[in-house]
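Hi everyone, thanks for coming along. Please have a look at the model on the screen, and then I'll walk you through a few parts of it.

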Amino acid sequence: MARIVHFLYTYLFYLNARLSLASNESISSTMSIDVLPDGCQNLLQSFANETARFTLCVVTNARPITVCEKCVNEFNQVFKRYEEIQKLHNNDSEVDCRAVLTNIDRLQVVYASYNYVLDMWEKASCKLCLNGTVFNDKTRGVMIRGDNLDKCISKHINDTKLSNTSLCADCKQYYVNLTNYYNKHKNDNTFCMDVVDLINNTQSDWSLKWKCHESNYDSEWVLLVISFIVLLMPVLFYFINWLISQERSNVLLSQNRWHQRFTNNAASTSGYVVIS
């Protein structure tokens, strides 16, 4: 995590430096002018500052992930500044600020920085959770249930009067309400990474940290029955083969006795002479 933060801060320093110098370098080489008009320069610096603030917000809200909730204003400011750059043209100057800031620079720092912000926002799927700058109804439903569970756990941990009671029993209803609500709506492609991370951390803490996981006895019984059947099949196979072999032996023994009796009867009657 420290290496990631160091990398992003290095990127922020590089970004500010490049955004401050890119316009002057590109203009001097392509349009042969010394400085940007005040409107272009101020907007470029403002865009650099807003992009840096968004990156800092994303890093500081990376664990647990609360990017969509905490960084929506910073994202909107970056979007606003970029839109202003796209619409900007100084009628009192021969310089087209939009073209200078976004097109002439070979590195396209402004464009690349804006795409970085958009890509981060899209990866967090923040549009799925937000209605403007606030959570939508389904996301708010998850957050309310998550807060109720957190309050129950915190109350149980901090209140000495509850030290002898079971956290799992006290807070189970809040945990079940949260997970059931999430499972009901998750297939609607409704939730952003703020919600997904909240659910993952809650389920992990419930099972591993608080040791409240309940075994699914139905699934275990099914698994036991299947295992028993698989283990019993070889025994049944050999038992059935043994029964079949015994039956065949009895048939052969009966046939041999019948043949021997017939042979003896034939031999005993061969000494008589029939007189007509």
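In which crossing does α7 pass α8? The answer is a left-handed crossing, meaning that the near helix is turned anticlockwise from the far one by less than a right angle, while clockwise would be right-handed.

Before we go further, a word on where this comes from. This is a predicted model, in which local features need pLDDT of at least 70 and side-chain atom pairs count only at pLDDT 80 or more, while totals for chains, interfaces and linings use all residues. Residues are numbered from 1 along each chain as its sequence is written, and side-chain values use heavy atoms, with hydrogens and water left out.

Now the overview. The protein has 10 helices and two strands; here helices (H or I, at least four residues) and strands (E, at least two) are DSSP runs, numbered from the N terminus. In order from the N terminus, that reads α-α-α-α-α-α-β-β-α-α-α-α. Of the 276 residues, 30% are buried, where buried means under 20% relative accessible area, exposed means over 50% and partly exposed lies in between (1.4 Å probe, protein chains only). Taking contacts (heavy atoms within 4.5 Å) between residues at least 6 apart in sequence, 71% join residues at least 24 apart.

Back to our helix pair. Two packed helices are described by the angle between their axes and the distance between the axes. Helix α7 covers residues 137-158 and helix α8 covers residues 167-185; their angle is about 165° and their axes are 9 Å apart. Those axes are lines fitted to C-alpha atoms, for helices over the stretch in contact, and angles run from 0 to 180 degrees between N-to-C directions. α7 and α8 are therefore roughly antiparallel; the cut-offs are under 35 degrees for roughly parallel, over 145 for roughly antiparallel, 65 to 115 for roughly perpendicular, and oblique for the rest.

Who meets whom there? On the α7 side the residues include Val142, Leu149, Cys152 and Ile153, and on the α8 side they include Leu167, Tyr174, Leu178 and Tyr181. By class, the contact of α7 with α8 has 11 nonpolar, six polar and four charged residues. For the classes, Ala, Val, Leu, Ile, Met, Phe, Trp, Tyr, Cys and Pro count as nonpolar, Asp, Glu, Lys and Arg as charged, and the others, Gly among them, as polar.

A second pair is α4 (residues 72-87) with α6 (residues 109-123), whose axes come within 11 Å and cross at roughly 145°. α4 also makes a left-handed crossing as it passes α6. Here Val72, Phe75, Val78, Phe79, Tyr82 and Ile85 of α4 meet Val110, Tyr111, Tyr114, Val117, Leu118 and Trp121 of α6. That contact has 12 nonpolar, no polar and no charged residues.

On to α9, residues 193-209, where Asp194, Val195, Asp197, Ile199, Thr202 and Trp206 are buried. What do these buried residues pack against? They pack against α3, β2 (134-135), α7 and α8.

Asp194 also takes us to Asn61: the two are 133 residues apart in sequence, and 10.0 Å apart in space, C-alpha to C-alpha. Asn61 sits in the loop between α2 (38-60) and α3 (67-70), and counts as buried because its relative accessibility is 12%. Its side chain makes a polar contact of 3.4 Å with that of Thr60; a polar contact is a pair of N or O atoms within 3.5 Å, and within protein one must be able to donate a hydrogen and the other to accept it, with residues adjacent in sequence counting only if both atoms are side-chain atoms. Beyond its neighbours within four places in sequence, Asn61 contacts Thr66, Val67, Lys70 and Cys71.

Pro64 is found in the loop between α2 and α3 too, and a cis peptide bond with omega of about -10° joins Arg63 and Pro64.

Last, some backbone angles. Ser125, in the loop between α6 and β1 (130-131), has a positive phi near 55° and is partly exposed at 27%.
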